[in-house]
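Please read them with the structure open.

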There are 2 protein chains.
Amino acid sequence: MTDRTPAPTTGKALAIAAEVRRRIVDREWQQGDRIPDEADLAIDFGAARATVNKALQILADEGLLERRRRAGTRVAVDPVRKATLSIPILREQIESAGMGYSHRVVAMQHAPPSPEAARRMGIAPDGPMIHLRAVHYGDGKPFQYEDRWINPAAVAGMGTVDFRHVNANEWLVRNALYQRADVTFSAANADVRDARMLQTRVGRALLILHRTTWNDAGPITTVRIACRPGHEIGTSD
Amino acid sequence: MTDRTPAPTTGKALAIAAEVRRRIVDREWQQGDRIPDEADLAIDFGAARATVNKALQILADEGLLERRRRAGTRVAVDPVRKATLSIPILREQIESAGMGYSHRVVAMQHAPPSPEAARRMGIAPDGPMIHLRAVHYGDGKPFQYEDRWINPAAVAGMGTVDFRHVNANEWLVRNALYQRADVTFSAANADVRDARMLQTRVGRALLILHRTTWNDAGPITTVRIACRPGHEIGTSD
DNA sequence: TATCATATTATGTCTATACTTATTTTGACC
DNA sequence: GGTCAAAATAAGTATAGACATAATATGATA
């Protein structure tokens with residue numbers, strides 16, 4: 001968090017991107033300004049146009065530039081930069097923190113999805129699904145309580161898996177690659193069940209993460225994850 | 001094969017990426033497998049190696065492939081795919097929902113940062129900063145309560161701005177481009193002040209967003225945003 | 001003056017080639 | 001068998017050239 005290399009200058013394209021970024025941040029090129037075209041920049045920087053193109057693409061992806069054919073490249077007026085959020089497998093997170101990971105399935109049954117689960121998956125609440133509730137522990141202390149619905153129709157071979165003994169998240173990550181995912185953050189006061197599972201008081205504010213994934217065959221799984229009190233999830237860019 | 005175009009496959013590189021993604025998702029190439037090298041794929045797909053390289057880079061960025069020089073390209077064992085989180089300007093969010101936006105500064109003073117603010121900015125809590133508290137409304141109802149510290153040393157010309165009348169977030173977005181940002185999500189029970197500002201009860205679970213930005217000159221601003229009860233922030237990929 | 005077809009232009013994309021770099025293979029040598 | 005240096009290899013990156021495409025600028029026409 002503390003080391004902040006101002007110029008990650010490995011590679012000519014990245015060096016050019018860094019220099020252009022500096023000019024924008026230092027307001028040499030102001031918001032809304034048209035910047036020189038790729039051909040000119042290529043001459044200025046002594047690089048091929050393809051290299052300049054790559055550099056400017058990077059900055060456009062960051063949201064710092066807006067590019068349109070023929071119209072040229074402009075510094076974005078409202079530079080909404082995007083942060084990348086990666087949700088690692090909890091086991092790895094816990095183990096990389098030097099703690100021992102464990103995991104306990106609290107309940108498992110076959111049932112039609114709850115109205116909310118069906119809404120998140122964007123389907124009618126009819127077909128039977130696997131309903132799983134589990135707690136993840138680090139060094140014996142509860143870290144996350146998950147309430148998950150799994151659509152057996154979405155992945156072949158799911159019928160033979162006993163999710164009472166297999167970590168559902170990890171199995172799904174490895175065996176049911178999704179094509180689209182949806183993640184939302186919210187907050188909720190712990191209800192009786194949340195409080196019991198996470199060993200905290202009813203009413204404590206919990207960070208709630210809803211995650212739903214889909215593939216060709218439809219929704220794969222939707223899960224509500226309640227994080228232990230005080231937990232933070234961060235993205236850095 | 002060729003008549004099946006379900007994905008927006010404009011561009012040869014994107015088409016190749018889509019096809020490789022399909023092979024992975026359909027498990028023709030399994031996790032951990034080494035896939036053919038760029039030169040072979042270039043022949044298979046009838047493309048230049050640079051084009052295949054671009055396609056595979058996309059998938060590596062998505063987290064679906066792991067690439068190492070000389071060692072080749074493998075399907076990721078734990079395909080942790082990344083979601084992109086973009087935090088738009090609240091005014092735009094509210095106005096695009098067809099609501100009227102307004103904004104009220106509750107307090108503004110010059111003071112050394114709180115210990116927590118200093119910690120988030122990674123500095124010693126000494127120099128004077130601007131401390132601002134404001135509420136953002138949509139159709140007169142409170143949407144977010146923000147508690148912000150601004151470092152006047154980080155941006156030239158900040159001294160002349162009266163943040164009582166200017167939207168600090170928008171001014172900063174336009175005038176203090178950052179080079180690094182840090183965003184974390186957490187949850188908190190509304191304290192007396194949160195509850196008053198957001199017109200809710202003490203103890204309600206609130207989604208809290210901490211956001212800190214830096215440039216060359218050091219930290220620009222750090223803000224704690226308390227969202228109205230029930231608010232969700234989502235990312236989709 | 002307004003409208004529409006045409007030319008122009010900046011970015012988008014692909015290609016072929018070349019060279020660089022990290023890593024693994026190999027093989028000589030002890 | 002073990003060690004280490006050299007060869008081989010696959011990705012990383014850059015380049016010049018080419019054509020495609022979308023948007024703008026221009027000029028002819030009504």
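Which residues are the closest to DNA strand C?

1. The model is a predicted one, and the points below should be read with that in mind. DNA strand C is surrounded by 23 residues, and the closest are Asp37(A), Lys12(B), Ala48(B), Thr51(B) and Arg70(B).

2. Several elements line DNA strand C. At least two residues each come from α3 (49-62) and β3 (72-75) of chain A, and likewise from α1 (12-25) and α3 (49-62) of chain B. The largest share of this surface is that of α3(B), with four residues. Sorted by class, the surface near DNA strand C holds 11 charged residues, six polar and six nonpolar.

3. Two or more residues come from each of α1 and α3 of chain A, and from each of α3 and β3 (72-75) of chain B. Here too α3(B) gives the most, with three residues. The classes near DNA strand D are nine charged, six polar and six nonpolar.

4. How are the two protein chains placed relative to each other? Chain A is superposed on chain B by a rotation of 180° with 0.0 Å of shift along the axis, at an RMSD of 0.3 Å. The two copies are thus related as by a two-fold rotation axis.

5. The contact between the chains involves 46 residues of chain A and 44 residues of chain B. On the side of chain A that touches chain B, two or more residues come from each of α1 (12-25), β4 (82-86), α6 (168-175), β8 (180-189), β9 (205-215) and β11 (233-236). Of these, β8(A) gives the most, with 10 residues. By class, this side of chain A has 22 nonpolar, 14 polar and 10 charged residues.

6. Do the copies use the same surface or different ones to meet? Of the interface residues of chain A, 89% are also interface residues in chain B, so the copies meet through the same surface.

7. Strand pairing also crosses from one chain to the other. β4(A) and β4 of chain B (residues 82-86) run antiparallel and are joined by five bridges. One of the pairs is Lys82(A), whose bridge partner in β4(B) is Ser86(B).

8. Within chain A, three strands make an open antiparallel sheet in the order β1-β3-β2. The edges are β1 (34-35) and β2 (65-68) of chain A, each with a single partner strand, so one side of each has no neighbour in the sheet. Four bridges pair β2(A) with β3(A) in the antiparallel sense. Among the residues of this pairing, Arg67(A) has Thr73(A) in β3(A) as its bridge partner.

9. Chain B has an open sheet of three strands in the order β1-β3-β2, with antiparallel pairing. Its edge strands are β1 (34-35) and β2 (65-68) of chain B, and each pairs on one side only. β2(B) and β3(B) run antiparallel and are joined by four bridges, and Arg68(B) stands opposite Gly72(B) in β3(B).

10. Arg70(B) deserves a separate look. This residue lies in the hairpin of β2(B) and β3(B), which has three residues between the strands, and takes a positive phi near 65°.

11. Last, the overall form of chain A. The chain has seven helices and 11 strands. Its radius of gyration is 24 Å, whereas a compact globule of 237 residues would have one near 18 Å. Along the principal axes, the C-alpha atoms of chain A fill a box of roughly 65 × 40 × 30 Å. Buried residues account for 34% of the 237 residues in chain A. Of the contacts in chain A with a separation of 6 or more, 55% are between residues 24 or more positions apart.

Note on methods
Residues numbered from 1 in each chain as written. Chains lettered and ligands numbered in written order. Predicted model: local features only at pLDDT ≥ 70, side-chain atom pairs only at ≥ 80, totals over all residues. Least-squares fit on C-alpha atoms with pLDDT ≥ 70 in both. Contact = placed C-beta atoms within 7 Å. Near = placed C-beta within 6 Å. Nonpolar A, V, L, I, M, F, W, Y, C, P; charged D, E, K, R; others polar. Pairing = 2+ DSSP bridges. Rg over C-alpha atoms; globule rule 2.2 N^0.38 Å. Buried ≥ 20, exposed ≤ 12 C-beta atoms within 10 Å, placed from the backbone.
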